[in-house]
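Here's a quick tour of a few strands and helices. Have the structure open and follow along.

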Amino acid sequence: MHEEENLICMPCGVPLQRLPVQFSYLGHTFDAEAPRCPQCGQVYLSYKLVSERIAEAETELEDK
Amino acid sequence: METLLRSTASICPICKKRINAQLTSIRDKIYLHKTCPVHGNFSTLIWKGLIDFEEWCAGASHDDPSEAPDCPQKCGLCEHHLQAVCCVLLEITSRCNLHCAFCFADKKSSPDASIETVKRWLTDLVQPGETLVQLSGGEPTLRDDLPDIIAAAKEAGCAYVQLNTNGIRFAQDSAYAMDLKQAGLSFVFLQFDGMDDKVYLALRGRELLDIKQKAIEHCAQANLGVTLVPMLVPSVNMDQLGAMLRYAVSWSPVVRGIHFQPVTYMGRTQRLPTNDDRVTLDELFYQLVIQSDGLITQRELFPSCCDHPQCGFHGDFIVMPDAELLPLSRRGKPRETCCSSKSKAKANRSFIARRWERKLVANDSKEINTLDGFLKRVRSHGFTITAMAFQDAWTLDLTRLRNCSLHVYQHGRFVPFCSNYID
């Protein structure tokens with residue numbers, strides 16, 4: 001099963017939906033989509049997203 | 001009034017013996033003073049006061065050179081050296097097809113080392129998966145076995161192979177860039193001193209602008225990243241900083257950055273220079289921003305962190321579709337990260353190689369507001385502005401030298417670049 005499928009927000013008890021989110025790091029902000037609770041706004045970040053695209057963006061933004 | 005900023009050690013420019021030295025300020029200008037008991041006093045302007053020296057050097061390590069009493073002896077790195085190896089320069093020939101007015105590697109032409117010898121050097125100097133080796137000379141493209149040397153460097157485990165070249169062979173042979181790329185070359189450092197042939201006649205002895213452009217075109221066809229390397233000399237090309245920067249940006253993505261090098265008086269140029277013959281790092285920084293005409297600001301350029309802050313600066317950008325530069329970092333904004341545990345030399349090597357190497361990116365992105373768009377654009381159109389202020393016998397400061405991360409491989413040793421070329 002895909003890591004992002006059938007996720008339930010524990011506090012709200014509703015399924016997460018793919019919704020717009022914003023990531024900010026070192027003064028830069030990016031739009032993306034991620035599983036998010038439609039009620040409380042809590043975002044689920046998958047291991048794959050964090051370890052690949054977000055990690056790459058962080059590395060690119062970090063000054064040498 | 002003269003104020004002592006710090007004490008260090010240097011060498012006498014005449015006898016090359018180690019002597020004490022002092023950095024002093026007179027108004028905003030900074031001088032390196034030293035006295036040789038035999039050859040007298042020397043005072044060299046090292047900072048023209050165009051930006052604040054102490055603020056620039058705030059992050060510097062000011063270790064006491066007396067901890068390394070034998071330095072510099074060209075004896076290689078020792079326990080007193082304060083920086084790891086970032087890049088290793090390997091001279092593979094002393095032959096050259098130019099006779100430049102200035103050249104740090106001024107040697108009598110001698111027969112090239114055999115490919116077997118070069119392979120032995122490579123095996124000795126490589127840390128597999130880590131090393132960034134700069135193949136240099138002389139003019140390394142004069143060796144017909146250069147593709148074999150590049151392949152041997154990769155085979156030995158070099159993570160990145162850089163070629164320092166004047167570009168003549170790249171211009172003459174349209175297939176050459178592809179041959180080297182296929183052999184494993186990562187990127188090219190192309191000597192590029194100005195935007196008109198008066199500059200090349202003055203510095204290199206012949207007209208070269210068309211050759212430079214042709215070399216860039218051929219590298220573009222081979223998808224080989226190029227960094228332009230201007231050597232800066234007062235009254236020759238200091239008025240072309242902005243034009244060279246814009247030219248480099250206009251050639252993105254094949255041109256991955258521009259790396260400025262103020263002239264130093266070693267090798268072929270070794271004569272007594274006056275302060276008017278020097279381009280100081282703060283002068284370069286100040287003039288570059290002014291001449292960029294708004295393309296960059298001072299906040300986007302940082303003092304070198306992999307070497308001593310007086311040794312250089314760097315800025316990291318994305319070239320946008322309208323040829324504007326988007327800075328990835330600005331001074332005054334948060335820079336600290338949660339997981340910066342890598343060594344400075346390793347982090348620097350990874351950074352520059354990532355930027356200077358050209359990767360083909362499918363579906364090149366023109367907008368960077370989304371995470372995916374940003375990642376695509378930075379991979380395809382990353383751009384660096386860097387500078388390195390080498391030291392000569394007049395400006396040598398052992399505090400700086402001990403923080404050097406660019407080393408020349410010589411006879412099994414890693415020798416800090418500047419001490420290697422001071423004869």
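## A β-α-β unit in chain B

Strand β10 (residues 231–232) of chain B, helix α8 (residues 241–250) and strand β11 (residues 255–262) form a β-α-β unit, and that unit is right-handed. Keep in mind that this is a predicted model.

Within the unit, β10(B) and β11(B) run parallel and are joined by 2 bridges. If you want a residue to look for, B:Leu232 has B:Pro262 in β11(B) as its bridge partner.

## What else pairs with β11(B)

β11(B) also pairs with strand β9 (residues 225–229) of chain B, again in the parallel sense, over 3 bridges. Here, B:Leu228 has B:Ile258 as its bridge partner.

Then there's strand β15 (residues 382–388) of chain B, which runs parallel to β11(B) and is joined to it by 4 bridges. Look for B:His259, with B:Thr386 of β15(B) standing opposite.

So is β11(B) buried or exposed? Of its 8 residues, 8 are buried, so the strand is largely enclosed by the rest of the structure.

## A helix pair in chain B

Now for helix α2 (residues 115–125) and helix α3 (residues 146–156) of chain B, which pack with their axes 9 Å apart and at an angle of about 30°. Angles under 35 degrees count as roughly parallel, so that's what α2(B) is to α3(B). Their crossing is right-handed.

On the α2(B) side, the contacts come from B:Ile115, B:Val118, B:Lys119, B:Leu122 and B:Thr123. They meet B:Asp148, B:Ile149, B:Ala152, B:Ala153 and B:Ala156 in α3(B).

Notes: Residues numbered from 1 in each chain as written. Chains lettered and ligands numbered in written order. Predicted model: local features only at pLDDT ≥ 70, side-chain atom pairs only at ≥ 80, totals over all residues. Buried ≥ 20, exposed ≤ 12 C-beta atoms within 10 Å, placed from the backbone. Pairing = 2+ DSSP bridges. Right-handed = clockwise from strand over helix to strand, strands pointing away. Axes fitted to C-alpha atoms, helices over the stretch in contact; angles between N-to-C directions. Parallel < 35°, antiparallel > 145°, perpendicular 65-115°, else oblique. Left-handed = near helix turned anticlockwise from the far one by under 90°. Contact = placed C-beta atoms within 7 Å.
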